[in-house]
Every structure is written in C-alpha cells, then in structure tokens.
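I opened the model to look up a few positions and how the parts pack. My entries follow in the order I made them.

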Amino acid sequence: MHEVFINYRTGDGEKVAALLERDLSHRFGDEHVFRASKSIPPGSAYPRELISAVHRSYVVLVVVGENWSRRPELHDEDDWVRREILEAFTCGIEVIPVLDGRKTERLNPADLPEALKRLANVQSERLDFQDLQSGLIRIGNMLATKLPQLKAVDRSVQQEPRGGSVSNSVDEVQGTAIQSRDITGDVGTVIKGNQGPVHTGKGDLYHHSPHVSGTGGTYIAGDNQGGVRHDFGGARRHEGDDS
C-alpha cells in the first residue's frame, strides 16, 4: 500500500518529485511511495490507477515549482494535478505542499482557482537544493512522525543490539586501535613499556630475593667467606667421621 502519494506537474517540479520518491522509497520501501511515472505499470489505465492510489494514500505531497500557481492548467477541471489534489481534499487525506527551491514563494490564495484556494492555507515544507540532504531527512522524519506504519519500516533507524552483544566505539585514538570479532576461550595479555617484574601466569614470583625449593639446591649470593656446604639429602657428615 502506498501511504505517500507524490503529486507533481511534468516540466515544473518533476526533478524534486523524483528526488523525493527515490529518497523516501530508499528509507521506507518502494511499496510505500507512489509516483505515477514509476508506480503505474505499463498497460494499466492511468486514470483509474491515479484515483485509486490517491484513495489508498494517507498523505499527498504536492510539489510546487516556481511557476506552479501561474500555470493555466490549474483552472482546467480535467487537469490531473488539480484532480488529484481535489480528490485528496474530498477524501479527507492530508495534503502538504513541498516548495521547490529558495525562489518558490508560499502559495497565495489570489493566484489559485477557487477550488484550490484552501491549499494556500496549509503549512508547507521547502526542499532547498543548497541543503538537499537535510531537507529530505526532515521531510522523511515528518512523515514517520505522522504515520506509524512508516515509522515501523523506517530503515534509517539503527537496530538496537541484541541481548548479550557488545558494541565498541573508538574516538580520537592516538596510536593503534584494534577491533576484533567475537572472542571465545582465554584472552592473552600484552604488556608494553614494562619496567620490573610482571607476573601473568601461575606460581610464585620472586624479585630481588633468594629462593631455593626442593633438596640439593645451592644458593650463593654476594661475597662468600668461609665454606660452602652442599646437602644432597642424606645424613650430615661431621668432621672426624669415617670416610
């Protein structure tokens, strides 16, 4: 279903209509945005398709070019731009003018045929090519706010992380930053610029201190004066013992 119908006149606003359709379709999906030259399949009866599409829509965006209100076609009851807008009014569908560029002025009731004068009293949006991207985002945000069904399919909204997942953000890094995928198992230790002992494993750590474990050990530290005795686990031998 097309929630958004883009109304435009060929030769006066069709570029803006194409930009709107492309951006909104990318954000919400093709099936939610109607533009006649794209959405009506070849061989279809366009009068029936146009009226049906207006009836199914929730918002009609009317692209208003610089000379839009001065076009004589607006006074022709068979003009399709006029017919689509009046059909939306009849069905109670919201109509929003989209002004094309900086030079396009807001609609003046005096410039419009009687049937369309109410369009001049409707709050409009402006799409400025000097700030095109922010304008497209603003219009998309407006539509997502008005239509919950569009908000539900809004592709610009980031998905919230699933439970148990971890996301990392690195900002203003000086040096090396490494982003890795999921880690399972043990995590190693990296030590840079260390001075002095570092213990990262199991067992005892001794620094600047003697340590002898087990029997049969010999430890000599510093200047030795006198004898050195070895103990190899048997009974001690004293001076005078028989050899």
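I looked up K15 and found it exposed, at a relative accessible area of 57%; exposed means over 50%, buried under 20%, and partly exposed in between, with a 1.4 Å probe and protein chains only. K15 sits in helix α1. Helices here are DSSP runs of H or I of at least four residues, strands are E runs of at least two, and both are numbered from the N terminus. From K15 to G65 I get 9.9 Å, C-alpha to C-alpha, across 50 residues of sequence.

I noted the basis of the numbers. This is a predicted model, where local features need pLDDT of at least 70 and side-chain atom pairs count only at pLDDT 80 or more, while totals for chains, interfaces and linings use all residues. Residues are numbered from 1 along each chain as its sequence is written, and side-chain values use heavy atoms, with hydrogens and water left out.

Next I looked at the sheet. It is open, with five strands in the order β2-β1-β3-β4-β5 and parallel pairing; two strands pair if DSSP finds at least two bridges between them. β2 (33-34) and β5 (125-127) are the edge strands, each pairing on one side only. β4 (residues 94-100) runs parallel to β5 and is joined to it by three bridges. V98 has E125 in β5 as its bridge partner. Helix α1 (residues 14-28) packs on this sheet and touches β1 (4-7), β2, β3 (59-64), β4 and β5. Contact means heavy atoms within 4.5 Å. The direction of α1 makes about 145 degrees with that of β3; axes are lines fitted to C-alpha atoms, for helices over the stretch in contact, and angles run from 0 to 180 degrees between N-to-C directions.

Which residues of helix α3 are buried? In α3 (residues 46-56) I find L50, I51, A53 and V54 buried. Down the axis of α3 the buried residues fall within an arc of 160 degrees, so they line one face of the helix; the arc is that of the directions from the helix axis to the C-beta atoms. They pack against β1, β2, α2 (36-39) and α4 (80-91).

I then checked α3 against α4. The two pack at about 35 degrees, with axes 9 Å apart. Y46, P47, L50, I51, V54 and H55 of α3 meet W80, E84, E87, A88 and C91 of α4.

Last, I looked up H2, in the segment before β1. H2 is buried, with a relative accessible area of 16%. Leaving out residues up to four places away in sequence, H2 touches D30, E31, H32, V33, F34, S39, R56 and S57.
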